[in-house]
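Student: Please put the model up, and I will ask about it piece by piece.

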Amino acid sequence: MPTIIEKIFQKHSEDKVEVGKEIWLDVDLRTARDFGGANVVKNLLENYEGNYIDDPSKTFFTFDCNAPANTIGYANNQQICREFARQNGIKVFDVDRGIGSHVVMEEGLAYPGITAVGTDSHFNILGAIGAFGQGMGDIDIAFVFKTGKTWFEVPPTVKVNFIGMPSAPWTAKDLALLCVKELKGKVLGKAIEFYGEIIDKLTLDGRITLASMVTEMGGIIGFIPPNKEVIEFCKNRSKREFEIIYADKDANYEKEIDIDVSKLEPLIAMPGNPANVKRVRDLPSIKVDSVFVGSCTNGRYEDMKMVANLLKGKKIAENVMMKIVPATREIWKKMLYEGMIKDLFDAGAIVSHCGCGGCASGQIGMTGRGEVQVSTSNRNFKGKQGDGDTYLASPQTAAISALTGYIAGVDEIES
Amino acid sequence: MKLKVEGRIWKIEKEGKLIDDIDTDMIYHNKYLHILDKKEMAKYAFSNLEGWQDFPKMAREGDIIIAGENFGCGSSRQHAVDCFLALGIKAIIAKSFGAIYKRNAINSGLLVLECKDIDKANLKNGDYIEINLENGEIKKDGKVVAKTKPMGRVQTAIYKAGNLFAYAKSL
């Protein structure tokens, strides 16, 4: 019996879907961002003569890497996309809107069961709402813009069962880091389905955090079967009915992996490798220079709320710079109206405009050589977020580290 | 399609071991993402990979890269493929590839071949090898030293056509 990805693919393909087979897939939602986007335009202009866009109502640009552009290169690329979009009747979610993969959920353009692609390696984040999303390069995306189709090798599916419930405080990011540690090397090029009590307890924001790091696990996508909260959110936003795709009980999994989460606690990835994960409390005392809260992994409302609650009425440690970047303008607005921005400002943090912020030479700036940064982002390969040493952790650990001035977990905060 | 590919090899290694998990920021750093000109991209291939920053100066047209597990993991940037194409790199053999990277390379017509045992093939930098794309055999001095995983149907068709756009025109 088919797994979730096989069912979604079969609904979008005339070819018979079989694991390992290359099929042609119809793509419901097609996007390009400010990096990659200009190359998508270039590919279209070089390879086709007019009629560049199969369906403008399904095609979007989302500017999020560098918002607003602070280099001439990015500014030029965004303008290339804007002009192409105007000429071809494509909507642009411009630099004011936030991270594209989040905006398409807020806008109701992505909902359970659809297929979607973008020039963003974390576009598989849509697994959080039971949709197929995939990051692709600019050739692939140009081809999808033109034809509405893409070729795809049907990946095998691995079923991940989380066993137990943690007794200590935990966040979705700690769960995601545990998965990167446990699944790295076991799911390369495969789809994942996540199950277990801890999954049922995850909010939409938590699901987004977990799904976003499937890229770092090496997987194609991680599906989290939608719960009531997700279904209602997507119905409200998309204003349409949709079929939710669940796997059959006896679905054809390549293998099952059990992960015990009963001892889950605050975790942290050491600089240079997202899979080099340790318990926060096992680290020696490490002084922190900067803290970044945001990214497609942890730029959600709940992440911001967690940080604001911890910082409210307190001051971040002297000589620590704390940068906060909400994922979208909608989240930014809520933070403003609920007074969170004031709490964060008073605590000494910098709250920047929404977007990716720190990852692709974004508007919030990079780290310098020797700088120790605690980041809630998803990748810390050498040089990714600058020349400094970047540790990956939850918004909770990030906020506590900002307050104490050294890398610290939840048990180390003064009450 | 040329069924045999020959070239000089570059084993991307550190202390005698193929490097695993070379991500797209090590291949092509995000500070150069705004570049649209492929010739310009060639200058920055491996410019953020310790010990290999001089690769663009050392590589010659027709060379073959050999790498470890999960080569090209990370971002979806096509630049990380284009920089090698611009240098004239003919093929990349790795123990495994990041999924997006593999697609990007296939779509651009850069040959990417998986070979789990490539580190056991007793090859050294500067050796010349010959790859038979039909049966996957890698030969050195006429002797088979390793075997790659066979290419997929679409991968082969795209490679034959040159790239994804040329292939699509033939459909």
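Tutor: Helices (H or I, at least four residues) and strands (E, at least two) are DSSP runs, numbered from the N terminus. The model is predicted: local features need pLDDT of at least 70, side-chain atom pairs count only at pLDDT 80 or more, and totals for chains, interfaces and linings use all residues. Residues are numbered from 1 along each chain as its sequence is written, chains are lettered from A and ligands numbered from 1 in the order in which they are written, and side-chain values use heavy atoms, with hydrogens and water left out.

Student: Is A:D200 buried or exposed?

Tutor: A:D200 lies in helix 7 (residues 197-201) of chain A. Buried means under 20% relative accessible area, exposed over 50%, partly exposed in between (1.4 Å probe, protein chains only). At a relative accessible area of 57%, A:D200 is exposed.

Student: Leaving aside neighbours within four places in sequence, which residues is A:D200 in contact with?

Tutor: Contact means heavy atoms within 4.5 Å. With those neighbours set aside, the residues that A:D200 touches are A:R207 and A:N227.

Student: In what order do the 5 strands of the open sheet in chain A stand?

Tutor: Two strands pair if DSSP finds at least two bridges between them. The pairing in this sheet is parallel, and the order is 4-3-2-5-6. Strand 4 (91-93) and strand 6 (132-135) of chain A each have a single partner strand, so one side of each lacks a neighbour in the sheet, and the edges are strand 4 and strand 6.

Student: How many bridges join strand 5 of chain A to strand 6 of chain A?

Tutor: Strand 5 covers residues 115-118 of chain A and runs parallel to strand 6. A:G118 stands opposite A:G135 in strand 6 of chain A. The number of bridges joining the two strands is 4.

Student: Why is chain B as compact as a globular protein of its length?

Tutor: Chain B has 7 helices and 9 strands. The radius of gyration is taken over C-alpha atoms, and the globule rule is 2.2 Å times the number of residues to the power 0.38. For 171 residues the rule gives 16 Å, so chain B is as compact as a globular protein of that length, its own value being close to this at 15 Å.

Student: What area is buried between chain A and chain B?

Tutor: The contact takes 42 residues from chain A and 43 residues from chain B. Buried area is the accessible area (1.4 Å probe) that two parts lose on being put together, summed over both. Carbon and sulfur atoms give 58% of the total, which is about 3,500 Å².
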